[in-house]
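Subject: Handing over the model, with notes

Dear colleague,

I am passing the structure on to you below, and my notes on it follow. Please read them with the coordinates open beside you.

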Amino acid sequence: MNTCYIVCALDCTLDFKPDSTDFVIGADRGYLVLEKNKIKPNAVIGDFDSYSGAIECENVIRFPVKKDYTDSELAIKYAIEMGYKNIKIFGAIGGALDHTIANLSLLSKYSIKGIEIAFYDGENVVLAITNSTAFFDENASGRISVFSTCEKAFGVFEKGLLYELDNAILESKEPLGVSNEFIGVASEISVQNGTLILYTSKENYEKYLTRK
């Protein structure tokens with residue numbers, strides 16, 4: 001699947017290697033993070049309130065500081081305009097709490113629209129599913145947490161995990177799905193009506209997850 005990689009302002013190590021069908025966007029100071037990791041962007045987007053240095057990129061898109069969208073979302077919107085529905089974002093969560101909350105809210109917004117976004121936080125990933133199922137094979141290990149982003153998510157199933165749910169209702173005000181565990185068998189998490197945020201390891205996400 002063709003992937004758009006978006007790199008935001010927080011310093012991080014980037015271990016991805018984009019191929020010719022992928023697209024790389026630096027969001028504001030994310031350009032500097034890409035430069036430090038020796039990865040060339042296809043586009044650089046932002047209001048540049050956190051980076052004012054030179055930019056070696058032919059496609060630089062500047063926005064005013066006073067705007068309705070964060071630099072992260074501007075990059076997401078541009079990726080979608082370019083035809084990408086699989087988006088991986090680095091350097092966007094774990095810093096300022098308000099920006100982390102703002103970025104995580106985008107998971108639900110775009111999951112509803114059929115866009116697959118994953119936020120990378122070191123060795124962990126946060127993603128969302130809407131009215132669908134996430135399958136993990138038996139090699140998945142460690143922890144997984146599940147949260148509802150809507151007031152109530154209906155028809156929630158968690159199978160093959162240490163703690164299972166059967167046609168449950170998850171509410172945004174109740175963190176019932178936190179700190180579940182894989183147990184060495186194939187597992188799945190599904191929601192019939194609503195959006196769930198999943199938090200698990202990067203290895204589980206990249207190697208053992210399929211969606212349906």
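Is valine 185 buried, partly exposed or exposed? Valine 185 is partly exposed, since its relative accessible area is 38%. Please keep in mind here, and in everything that follows, that this is a predicted model. Valine 185 sits in the loop that runs between strand 12 (180-181) and strand 13, and together with Leu162, Tyr163 and Ile183 this valine makes a nonpolar surface patch of about 370 Å².

Salt bridges

How many salt bridges does a search of the whole structure find? The search finds ten, and I describe some of them here. Lysine 202 and aspartate 15 meet through their side chains in a salt bridge, at 2.7 Å from N to O. Because lysine 202 lies in helix 4 (residues 202-207) and aspartate 15 in the loop between strand 1 and strand 2, this pair ties together parts that are 187 residues apart in sequence. Lysine 202 counts as buried at 11% relative accessibility, while aspartate 15 is partly exposed, with a relative accessible area of 49%.

The side chain of lysine 202 also meets that of glutamate 123 in a salt bridge, here at 4.0 Å from N to O. Glutamate 123 lies in the loop between strand 6 (116-121) and strand 7 (124-130) and lysine 202 in helix 4, so this second pair ties together parts that are 79 residues apart in sequence. With a relative accessibility of 56%, glutamate 123 counts as exposed.

Lysine 67 and aspartate 47 form another salt bridge between their side chains, at 2.5 Å from N to O. This pair links distant parts of the chain, 20 residues apart, with lysine 67 in the loop between strand 4 (60-62) and helix 2 (71-81) and aspartate 47 in the loop between strand 3 (43-46) and strand 4. Lysine 67 is partly exposed, its relative accessible area being 27%, whereas aspartate 47 counts as buried at 11% relative accessibility. Finally, Asp11, Arg29 and Lys36 are linked in a network of salt bridges.

Cysteines

How many disulfides does a search of the whole structure find? The search finds zero. Cysteine 8 is in no disulfide, and the nearest cysteine sulfur, which belongs to cysteine 12, is 8.8 Å away. A disulfide would need the two sulfur atoms to be within 2.5 Å.

Where is cysteine 8 found? Cysteine 8 is in the loop between strand 1 (4-7) and strand 2 (23-27), and with a relative accessibility of 4% it counts as buried. Leaving aside neighbours within four places in sequence, cysteine 8 is in contact with Ala27, Arg29, Gly30, Val33, Ser72, Ile89, Phe90, Gly91 and Ala92. For phenylalanine 90, the separation from cysteine 8 is 82 residues in sequence but 6.0 Å in space, taken from C-alpha to C-alpha. Cysteine 150, for its part, is partly exposed, with a relative accessible area of 23%.

Note on methods
Residues are numbered from 1 along each chain as its sequence is written. This is a predicted model: local features need pLDDT of at least 70, side-chain atom pairs count only at pLDDT 80 or more; totals for chains, interfaces and linings use all residues. Side-chain values use heavy atoms; hydrogens and water are left out. Patches are made of residues with over 30% relative accessible area and no salt bridge: like charges are joined within 9 Å, nonpolar side chains (Val, Leu, Ile, Met, Phe, Trp, Tyr) within 5 Å. Accessible areas come from the Shrake-Rupley method with a 1.4 Å probe; for residues, only the protein chains shown count as cover. Helices (H or I, at least four residues) and strands (E, at least two) are DSSP runs, numbered from the N terminus. Buried means under 20% relative accessible area, exposed over 50%, partly exposed in between (1.4 Å probe, protein chains only). Contact means heavy atoms within 4.5 Å.
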